[in-house]
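These are my notebook entries on a single structure.

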Amino acid sequence: MSKIQFDKISSVTKNLELKAEEKLTDKLSCEMGTVLAVQVLDDKNVYNELELPTGRMSKIKKGDVIAVALGNRMALQGFVGNLPKTLKVDDVIHLLNFGGVAGVCVSANLKEVGEPMRVRVLGGVERKGKLLNINQACKFKPLTSLKKCAPLIITTGTSMDSGKTTVAVEITKTLTRMGMKLAGAKLTGVGAHRDTYKMSDYGVYEAVSFTDCGVASTANIDGQTMVGVAKGALDHLSKSNPDAIMIEFGDGLMGKYGVDAILCHPEI
């Protein structure tokens, strides 16, 4: 067993509260949410920043050692990537988003984001003899039935970068200035916290996302699972009796992120 010193820790691992130094294991898993220590192999001029647990964006350089979590991505305007089928130390995978979700890239929008950043697997992050996964530090669990739910204000669109967050924060700002008590949830997308931080900046008193249910990415997840995650988030936020819950969907109806399954569910 060895130890690793991280240069940067990604926001997708936020709830685990990783330290600058952690233990490594060579016993790896390809399960979504598995936390890995990786070394950056490339310098890039675009898409070269990592969101830290604080929400701050930090540039990543060749040689940096960072903590990431495995997940899928199906971005219509970015990277498409899958979980690796096998994984061992020294394998090369890719950083799929700025929140620190990693996988094997199979397609990229080269004009806008360039080639995916390659990272070399140094090992899995271990605590108390157990390989870490972000699902070991959840704020809420999936539910089969919605026990309690405040009124919902839902923002969605066709795809990423269509203005959903802009609309959501303007509505939030207006309603909180009117005296409404709002909670917020991001129910689909790829693990990052920028949008929930924006909700908080504009008056939401508590905001959660699917990562708080141990899900690194909702890409290619079956509809039943996504509905369970959504119900868990809504029940968790409703316990503090908000006047309404602001909901934002990452990506959109055209992506395979579970948006349609949640919107079509009768309880929601």
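**Entry 1: cysteines**

I looked up Cys 30 and found its sulfur 17 Å from the closest cysteine sulfur, that of Cys 105, which is too far for a bond. I took a disulfide to be a pair of cysteine sulfur atoms within 2.5 Å. Cys 138 is in no disulfide either, the nearest cysteine sulfur being that of Cys 213 at 5.6 Å. For the structure as a whole I recorded zero disulfides. I also noted that Cys 138 is partly exposed, with a relative accessible area of 26%. My classes are buried under 20% relative accessible area, exposed over 50% and partly exposed in between, with a 1.4 Å probe and protein chains only.

I note the basis of these entries: this is a predicted model, in which local features need pLDDT of at least 70, side-chain atom pairs count only at pLDDT 80 or more, and totals for chains, interfaces and linings use all residues. Residues are numbered from 1 along each chain as its sequence is written, and side-chain values use heavy atoms, with hydrogens and water left out.

**Entry 2: helix α4**

Helices (H or I, at least four residues) and strands (E, at least two) are DSSP runs, numbered from the N terminus. I found that α4 covers residues 223-238, 16 residues in total, and reaches 22 Å from its first C-alpha to its last, close to the 22 Å expected at 1.5 Å a residue. The expected span is 1.5 Å times one less than the number of residues.

How many of the 16 residues of α4 are buried? I found 12, so the helix is largely enclosed by the rest of the structure. Among them are Met 226, Lys 231, Asp 235 and Leu 237. Their cover includes the strands β14, β15, β16 and β17, and the helix α5. At the start of α4, a side-chain oxygen of Asp 222 comes to within 3.3 Å of the backbone nitrogen of Gln 224.

**Entry 3: cavity and Thr 211**

I searched the whole structure and found one cavity of 30 Å³ or more. The residues lining the largest cavity include Val 12, Asn 15, Ile 134, His 193 and Thr 211.

I then followed Thr 211, which lies in the loop between β16 and α4. Thr 211 is buried, with a relative accessible area of 3%. Leaving aside neighbours within four places in sequence, I listed Val 12, Asn 15, Ile 134, Gly 191, His 193 and Ala 216 as in contact with Thr 211, where contact means heavy atoms within 4.5 Å.

Notes:
A polar contact is a pair of N or O atoms within 3.5 Å; within protein, one must be able to donate a hydrogen and the other to accept it, and residues adjacent in sequence count only if both atoms are side-chain atoms. On a 1 Å grid over the protein atoms alone, a cavity is a set of points where a 1.4 Å probe fits but cannot get out, and a pocket is an open set with protein on both sides within 12 Å along at least five of seven lines; lining residues have an atom within 4 Å of a point. Grid points are joined across faces, edges and corners, and a volume is the space filled by probe spheres set on the points.
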